[in-house]
Amino acid sequence: MTVETVAFVILSLLAVISAVGVIAFKSPVRSAICLAGNFFILGVLYFMMNYDLIGISQILVYTGLIMMLFLFVILLLNLSAPQMLQEKSYIKWWGAVAVAGALGIVVFSQVIMPLEWAVNPTSNPELGTTKSVGTALFSNYVYGFEICSILLLVGIVGSILLAKRRG
Amino acid sequence: MEGIPLMGFLALGAVMFLIGAVGVVMKRNPIVIFMCIELMLNAANLTFLSFARYHEFPLIGMISKDATVMNGQMAVVFVMAVAAAEVAIGLGIIMAIFRTKETIDIDEMNILRG
């Protein structure tokens with residue numbers, strides 16, 4: 001048990017607890033805050049795996065941008081306590097948990113357990129830096145990068161159109 | 001990083017994905033459903049990155065190790081871009097629906113049901 005193993009166990013427990021919090025809370029604001037915590041913990045895990053740029057963009061993009069968007073929409077929709085939605089019955093919840101548990105057992109036994117032999121990371125830890133990611137993004141993956149920029153432009157225009165329409 | 005097996009990361013990703021799937025099926029608030037979709041996307045990102053870091057698979061032996069690490073990270077970058085666009089559009093649609101129907105209960109939205 002090294003220090004990193006202990007840190008990984010604690011971080012993954014926190015990630016699972018905050019993920020459960022997203023679907024367990026009735027108030028969407030509390031769900032959003034749990035989700036922000038989960039994204040932040042994932043960013044820390046990416047740092048542990050030596051993915052510097054991905055980790056920092058995880059924290060910036062998800063915790064900063066997407067969560068702010070969610071909270072703004074929740075505040076704009078004014079979903080206060082009287083408007084909180086009636087949740088489905090407990091029987092349906094237990095059914096969903098049972099189906100997910102069955103799927104989880106299949107994935108664990110067939111996909112994850114056969115990978116038991118992969119104990120230590122094998123790749124070069126230098127390959128998560130900004131320099132290497134930027135080099136790859138602008139050489140081998142430049143077409144995907146340009147298509148992503150067009151997609152984001154269409155997203156900006158579309159969201160403005162959806163938000164401005166009246167009547 | 002030494003001593004943490006790949007199974008740990010994969011198990012965390014699988015659990016997060018399953019929690020997100022339960023939320024998508026069971027929640028009634030479309031904003032929370034969006035959050036669960038983000039949770040599932042992040043679980044997939046974690047799986048991509050951990051496979052890229054630990055890979056030693058004979059199936060992809062013709063690709064060099066460095067190229068595989070880059071493949072995993074590029075997949076995550078593109079997933080992030082698509083998720084940002086998706087959230088912007090999706091929340092705009094939710095706002096538009098709320099303006100016309102005055103409710104956001106996902107079970108009330110059945111006018112597209114044939």
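1. Fold of chain B. Read along its sequence, chain B follows the pattern α-α-α. Its secondary structure comes to three helices and zero strands. Helices here are DSSP runs of H or I with at least four residues, strands are runs of E with at least two, and both are numbered from the N terminus. Chain B has 114 residues, and 54% of them count as buried. Buried means under 20% relative accessible area, exposed means over 50%, and partly exposed lies in between (1.4 Å probe, protein chains only).

2. Basis of the model. This is a predicted model: local features need pLDDT of at least 70, side-chain atom pairs count only at pLDDT 80 or more, and totals for chains, interfaces and linings use all residues. Residues are numbered from 1 along each chain as its sequence is written, chains are lettered from A and ligands numbered from 1 in the order in which they are written, and side-chain values use heavy atoms, with hydrogens and water left out.

3. The main core. How many residues does the largest nonpolar core have? It has 63. A nonpolar core is a set of buried Ala, Val, Leu, Ile, Met, Phe, Trp, Tyr and Cys residues joined through side-chain atoms within 4.5 Å. The residues with the most contacts inside the largest core are Leu45(A), Tyr46(A), Tyr51(A), Phe70(A), Phe9(B), Ile31(B) and Met35(B).

4. Aromatic pairs. A search of the whole structure finds four aromatic pairs over all chains. Rings of Phe, Tyr and Trp (its six-membered ring) pair if their centres lie within 6.5 Å; planes under 30 degrees apart count as stacked, over 60 as edge-to-face and the rest as tilted. In one pair, the rings of Phe8(A) and Phe9(B) have centres 4.6 Å apart and planes at 55 degrees, so this pair is tilted. Phe8(A) lies in helix 1 of chain A and Phe9(B) in helix 1 of chain B, so the pair joins two chains. Phe8(A) and Phe9(B) are both buried.

5. Phe8(A), Phe9(B) and Tyr54(B) form one aromatic cluster.

6. Which residues are buried in helix 5 (residues 130-139) of chain A? They are Ser132(A), Val133(A), Ala136(A) and Leu137(A). Seen down the axis of helix 5 of chain A, its buried residues fall within an arc of 130 degrees, so they line one face. The arc is taken from the directions from the helix axis to the C-beta atoms. An α-helix has 3.6 residues a turn, so residues three or four places apart point the same way. The face of helix 5 turned away from the buried side carries the exposed residues Thr130(A), Lys131(A) and Phe138(A).

7. A surface patch. Leu153(A), Ile156(A), Val157(A), Ile160(A) and Leu161(A) form a nonpolar patch on the surface, with about 490 Å² of accessible area together. Accessible areas come from the Shrake-Rupley method with a 1.4 Å probe; for residues, only the protein chains shown count as cover. Patches are made of residues with over 30% relative accessible area and no salt bridge: like charges are joined within 9 Å, nonpolar side chains (Val, Leu, Ile, Met, Phe, Trp, Tyr) within 5 Å. A salt bridge is a side-chain nitrogen of Lys or Arg within 4 Å of a carboxyl oxygen of Asp or Glu. Ile156(A) lies in helix 6 (residues 142-164) of chain A, and is partly exposed at 49%. Leu153(A) lies in helix 6 of chain A, and counts as exposed at 52%.

8. A loop residue. Asn50(A) has a positive phi of about 65 degrees although it is not a glycine. Asn50(A) sits in the loop between helix 2 (28-48) and helix 3 (52-77) of chain A. At 32% relative accessibility, Asn50(A) is partly exposed.
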